[in-house]
There are 2 protein chains.
Amino acid sequence: VQSRRTRATAGPEIERLIELLARLPGYGPRSARRAALHLLKKRDAVMRPLAGALTEAADRVRTCSICGNLDVIDPCGVCTDPARDDHSLCVVAEVGDLWALERSAAFTGHYHVLGGVLSALDGVRPEDLRLGGLLERIKREGITEVVLALAATVEGQTTAHYVADLLADALPDSGVQVTRLSHGVPVGGELDHLDDGTLQAALKSRR
Amino acid sequence: VQSRRTRATAGPEIERLIELLARLPGYGPRSARRAALHLLKKRDAVMRPLAGALTEAADRVRTCSICGNLDVIDPCGVCTDPARDDHSLCVVAEVGDLWALERSAAFTGHYHVLGGVLSALDGVRPEDLRLGGLLERIKREGITEVVLALAATVEGQTTAHYVADLLADALPDSGVQVTRLSHGVPVGGELDHLDDGTLQAALKSRR
């Protein structure tokens, strides 16, 4: 039985759309309603193309079996790019981190997406991360440098420690150099908006 | 020619999805990327159903030819609801306002959506609003009360004045009562967070 409140306003089709829009990150019921009205005003410019892009991406995008990136081809565009440095491997937590590094254009090697960070709170254990594949790749691909590009959070740094220990144990005397991103003042950042930890780190590793 | 930056990360399919998500209200490139990754993780629970709901709503939802509401039937569910008060008509600016009033369950009459408010800045003139249909409806449907439920902004109140004058001119001696929403302290609102205008209005119309 449909509630009067649903039926009397705009029908279950719109209610269903609003419910699903409300599941987008950063959206709630109110913003979802606003988005539904916005989309219904822009059916041909945004609404239908968005529906098509969602279906297309849901059908075609897959996880790269080598690095864990998302792409419509497997292995992905980064793994198959012949212009990239084959000896440098950057370990990231999530695909979004890989994209961020790619936008920065500061890294030209290959990536390895762990699929998360270790977290006692969220119950993420080492076996939940793509760590086995990482060791195999380092051996197989002749990697000489592993960059641990993990967040400067407790969980990110715990994961970085864990991976560094794992590499030291599994690949003794391999000569693989393990590095991390530097901590410091974000470029364009004002000092008085920074937390003490960042300022201490920036001072400690002053150049 | 695809830019290296696009191709090398996640392919044009994902870039297209991100571009379209970035056109949702409140979203920008960063939140759109986050949403794309979130959706790709929830393909069956959210992504495909959302694509379906967007297509369904884009194909089936239409504007009610009587009141301007959005629904899959025309006349809409509100206009055809026999349980509603046929003599009371509530004038709102947008469909979202109609939905808000329906959620409040405080009004049981019919609605008339103007499709906007008068605005010199945005170039919205009286002929851009659904005003002709309003006069016709009031005469045809034997309306005895018109509630002007327009925003307490300069533009909303300008529009309310305009509609009230229009009704007085077009329907002299008709006995149609024109009312407006009261101004005052929002229920649950603390006094010291309110602007002076609201406090003055609340004091002036104290009961």
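In the predicted model, chain B and chain A bury about 5500 Å² between them. Carbon and sulfur atoms give 63% of this area. The contact draws on 59 residues from chain B and 59 residues from chain A.

Six salt bridges are found between chain B and chain A. One of them joins Glu13(A) to Arg60(B), with the closest N and O atoms 3.3 Å apart.

On chain B, several elements each supply at least two residues to the side that touches chain A. They are helices H1 (4–9), H2 (11–21), H3 (29–41), H4 (43–60) and H5 (95–104), together with strand S2 (70–71). H4(B) gives the most, with 16 residues. By residue class, the side of chain B that touches chain A divides into 31 nonpolar, seven polar and 21 charged residues.

A separate site within chain B is His112(B). This residue is found in strand S4 (residues 110–113). His112(B) counts as buried because its relative accessibility is 0%, and the cut-off for that class is under 20%. A polar atom of the His112(B) side chain lies 2.8 Å from the backbone oxygen of Arg130(B).

Methods: Residues numbered from 1 in each chain as written. Chains lettered and ligands numbered in written order. Predicted model: local features only at pLDDT ≥ 70, side-chain atom pairs only at ≥ 80, totals over all residues. Heavy atoms only, no water. Contact = heavy atoms within 4.5 Å. Buried area = accessible area lost by both parts, 1.4 Å probe. Salt bridge = Lys/Arg side-chain N within 4 Å of Asp/Glu carboxyl O. Helix = DSSP H or I, 4+ residues; strand = E, 2+ residues; numbered from the N terminus. Nonpolar A, V, L, I, M, F, W, Y, C, P; charged D, E, K, R; others polar. Buried < 20%, exposed > 50% of the residue type's maximum accessible area, 1.4 Å probe, protein only. Polar contact = N/O pair within 3.5 Å; in protein donor to acceptor, adjacent residues only side chain to side chain.
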